[in-house]
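Me: I would like to go through this model with you step by step. Could you show it first?

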Amino acid sequence: MKNAKPKTKTGTAPAPGRRSARPRSAYTPDEIREIFRRFSIQRPEPKGELEHVNPFTLVVAVALSAQATDAGVNKATRALFAVADTPEKMLALGEDRVRDYIKTIGLFRNKAKNVIALSRKLVDEFGGEVPRSREELVTLPGVGRKTANVVLSMAFGQATMAVDTHIFRIANRICLAPGKTPDEVEAQLMRIVPDDYLYHAHHWLILHGRYVCKARKPDCERCVIADICKSPEKSCDIPAPLVELPPQAVAAAQ
Ligand code: SF4
């Protein structure tokens, strides 16, 4: 139909004559598409770094990763998941032994409690299966919205935007999706990222933040979107060569 008003992804159009009070992206739709096109060439199949063997171990790994590095979590969970890869086995192992396996991870006492409590809830209320909806996932002990989004994406293939510290920083630093809270950033990114790039977008942004647009000082000379970026912090206008990173280079960078 001609002259139809553009709709947002949630199917709602802004009321005529009204502007959102929230800060908007500094980029045009074409610029946003170009940013994600370049990320997609660099990393055609971006992957999360948390090791897991099924949806249950993914939930546990993501819950353990709060305020910890993925590498540190992987080191502890390799042995844990070898003996307990289902909620039933985790319950049989018991809190004390779970704590022993994860004692190298920050906040391990509380996290061990949560792992047992979430295993119990999965057995008692979900037949031992990880639920596939965000509403149900966030009822599990130790599972917040970000964890639920990671699980929905990595275990069940749903396009979500799990806003971690890297995504929150980039979204605000380069004015891609400015917001005061992770929820605000998530909502705006879900609205502006083109549908065909949405599934991988959170991994691209995390990897870009972890290895190029770093917290302390962005590495703009190595950035493939340096010419598009509108960050006041950027130190270079020339984009890095746009090439697919060989797997070993990705692994080394990680
Ligand atoms: S140019 Fe610099 S500030 Fe902008 S996205 Fe790249 S690394 Fe970040």
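Me: How do the residues of the shell around the ligand divide into nonpolar, polar and charged?
Reply: The shell has 9 nonpolar residues, 1 polar residue and 4 charged ones. Here Ala, Val, Leu, Ile, Met, Phe, Trp, Tyr, Cys and Pro count as nonpolar, Asp, Glu, Lys and Arg as charged, and the others, Gly among them, as polar. Please note that this is a predicted model, in which local features need pLDDT of at least 70 and side-chain atom pairs count only at pLDDT 80 or more, while totals for chains, interfaces and linings use all residues.

Me: And which residues are the closest to the ligand?
Reply: Of the 14 residues that surround the ligand, the closest are Cys 213, Pro 218, Cys 220, Cys 223 and Cys 229. A residue is near a molecule or strand if its C-beta atom, placed from the backbone, lies within 6 Å of it. Residues are numbered from 1 along each chain as its sequence is written.

Me: New topic: how many helices and strands does the protein have?
Reply: The protein has 12 helices and 0 strands. Both are DSSP runs numbered from the N terminus, with at least four residues (H or I) for a helix and at least two (E) for a strand.

Me: What percentage of the residues is buried?
Reply: Of the 254 residues in the protein, 33% are buried. A residue is buried if 20 or more other C-beta atoms lie within 10 Å of its own, exposed if 12 or fewer, and partly exposed in between, with C-beta atoms placed from the backbone.

Me: At what angle do H9 and H10 cross?
Reply: The axes of H9 (residues 165–173) and H10 (residues 182–192) cross at roughly 70 degrees and come within 10 Å. Axes are lines fitted to C-alpha atoms, for helices over the stretch in contact, and angles run from 0 to 180 degrees between N-to-C directions. H9 and H10 are therefore roughly perpendicular to each other; angles under 35 degrees count as roughly parallel, over 145 as roughly antiparallel, 65 to 115 as roughly perpendicular and the rest as oblique.

Me: Which residues make that contact?
Reply: H9 contributes Ile 167, Phe 168 and Ala 171, and H10 contributes Pro 182, Val 185 and Leu 189. Two residues are in contact if their C-beta atoms, placed from the backbone, lie within 7 Å. The residues of this contact of H9 with H10 are 6 nonpolar, no polar and no charged.

Me: What about the loop between H9 and H10: is Cys 175 there buried or partly exposed?
Reply: Cys 175 lies in that loop, and it is partly exposed because 17 other C-beta atoms are within 10 Å. Its phi is positive, at about 60 degrees, although Cys 175 is not a glycine.

Me: Where is Gln 67 found?
Reply: Gln 67 sits in the loop between H2 (55–64) and H3 (70–83). Gln 67 counts as exposed because it has 10 C-beta neighbours inside 10 Å. Phi of Gln 67 is also positive, near 55 degrees, in a residue other than glycine.

Me: What does Gln 67 touch?
Reply: Leaving out residues up to four places away in sequence, Gln 67 touches Gly 106 and Leu 107.
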